[in-house]
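Student: I have a model open and want to learn how to read it. Where do we start?

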Amino acid sequence: MHKENSFLLNDWHPIAAVAETVVGKQYSTRVLGKEIRYTLTNDHLIARTEDSDLPLLLTKITYGLLWVSLSENPRDVPDIPEFKEHDRRVISAGAIRIATSGLRVVENFLDMAHFPFVHTDILGAEPLTEVTAYDVEIHEEVDEVHAVNCRFTQPKGSAAASEPVDMQYVYRIARPFIAILYKTCVVDPNRLDVLGLFIQPVDEESCIAHTIMCYLDDVNTDKQLRDFQQRIFGQDLMILLNQVPKGLPLDPKYETPVRADALSSAYRRWIKARNVTFGTAR
Ligand SMILES: [Fe+2]
């Protein structure tokens with residue numbers, strides 16, 4: 001049995017995109033309610049909690065992000081091998097501060113049912129509103145939840161799509177605050193684009209969403225890819241800011257027995273079984 005929130009404490013958390021951090025500048029931010037000061041040097045990241053008597057925090061730079069851990073012995077970050085493929089472009093879509101639990105943001109990212117209503121004429125369109133059956137898999141060896149065989153007909157499924165695409169999706173819930181989406185790549189049908197949602201849990205009811213694209217796209221500029229992603233995210237913000245309570249409810253009585261929600265239910269159960277309470281409704 002996990003001690004309450006030890007699953008989050010013994011882990012890494014993103015604090016900024018490398019591309020948006022000025023070398024030598026001092027920054028402060030929060031992770032899991034703790035104030036953190038950090039500076040990026042030419043080759044590494046130096047970070048400490050506000051209580052400067054404590055030793056420096058462990059840090060890491062990977063997937064286009066700066067990471068810290070509040071533990072001296074965290075497990076490694078999730079393995080995302082596509083980031084090592086040299087023909088992919090790794091682009092930050094920015095850091096978006098949201099006044100709700102990061103768990104809510106991840107759950108919304110996993111939900112296909114809202115595409116036609118919230119991302120109308122981009123990720124979905126009426127009358128094609130049905131989420132077809134997909135499979136939820138628990139991968140115990142890496143302790144992840146995956147949803148496979150997801151598909152959705154999308155009018156403009158990516159910045160590179162010039163016509164409607166029957167998008168295939170795989171969702172990977174790698175951590176309570178990290179979800180990775182693999183989707184049809186319109187440039188190369190044999191490979192998948194990768195979109196990582198890396199949430200920085202600031203406090204229980206506030207977070208910063210760091211979105212990193214790892215795409216095969218030789219059509220769009222970085223700015224075009226970023227603008228596409230930020231437009232989608234802006235539409236999601238409207239929903240996220242209206243969700244009550246801000247914490248994610250884990251009590252099964254709040255689950256709806258709708259097929260489209262199978263992944264959301266699996267996510268909530270998985271969080272609960274790991275004794276994560278930070279960012280949940282209690
Ligand atoms: Fe959305």
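Tutor: With strand pairing. Two strands pair if DSSP finds at least two bridges between them. Keep in mind that this is a predicted model. Now look at Leu58: its bridge partner is Ser69 in strand 6.

Student: How many bridges join strand 5 to strand 6, and which way do the strands run?

Tutor: Five bridges join them, and the two strands run antiparallel. They belong to an open sheet of three strands, in the order 1-6-5, with antiparallel pairing. Strand 1 (12-17) and strand 5 (58-62) are the edge strands, each pairing on one side only. On average, neighbouring strands here are turned by 30° against each other, direction ignored.

Student: What is the strand order in the sheet of seven strands?

Tutor: The order is 7-13-12-11-10-9-8. That sheet is open too, and its pairing is antiparallel. Strand 7 (89-98) and strand 8 (135-139) each have a single partner strand, so one side of each lacks a neighbour in the sheet.

Student: Take one pair from it. How many bridges join strand 9 to strand 10?

Tutor: Eight, and the strands run antiparallel. Thr153 stands opposite Asp166 in strand 10.

Student: Which residues does Gly279 touch?

Tutor: Apart from residues up to four places away in sequence, its contacts include Ser101, Gly102 and Leu103, as well as Gly247 and Leu248. Two of these names come back in helix 2: Gly102 and Leu103 are among its buried residues.

Student: How many of the residues of helix 2 are buried?

Tutor: Six of its eight, so the helix is mostly covered. Besides Gly102 and Leu103, the buried ones are Arg104, Val105, Val106 and Glu107.

Student: How do I read the way helix 2 and helix 4 cross?

Tutor: Start with the axes. Those of helix 2 (residues 102-109) and helix 4 (residues 222-242) come within 10 Å and cross at roughly 130°. That angle makes helix 2 oblique to helix 4. The crossing is right-handed.

Student: Which residues meet there?

Tutor: Arg104, Val105 and Asn108 in helix 2 meet Asp236, Ile239 and Leu240 in helix 4. By class, this contact has three nonpolar, one polar and two charged residues.

Student: Why do positions three or four places apart in a helix point the same way?

Tutor: Because an α-helix has 3.6 residues a turn. Check Arg104 and Asn108 on screen: both belong to the helix 2 side of the contact.

Note on methods:
Residues are numbered from 1 along each chain as its sequence is written. This is a predicted model: local features need pLDDT of at least 70, side-chain atom pairs count only at pLDDT 80 or more; totals for chains, interfaces and linings use all residues. Axes are lines fitted to C-alpha atoms, for helices over the stretch in contact, and angles run from 0 to 180 degrees between N-to-C directions. Helices (H or I, at least four residues) and strands (E, at least two) are DSSP runs, numbered from the N terminus. Angles under 35 degrees count as roughly parallel, over 145 as roughly antiparallel, 65 to 115 as roughly perpendicular and the rest as oblique. A crossing is left-handed if the near helix is turned anticlockwise from the far one by less than a right angle, and right-handed if clockwise. Two residues are in contact if their C-beta atoms, placed from the backbone, lie within 7 Å. Ala, Val, Leu, Ile, Met, Phe, Trp, Tyr, Cys and Pro count as nonpolar, Asp, Glu, Lys and Arg as charged, and the others, Gly among them, as polar. A residue is buried if 20 or more other C-beta atoms lie within 10 Å of its own, exposed if 12 or fewer, and partly exposed in between; C-beta atoms are placed from the backbone.
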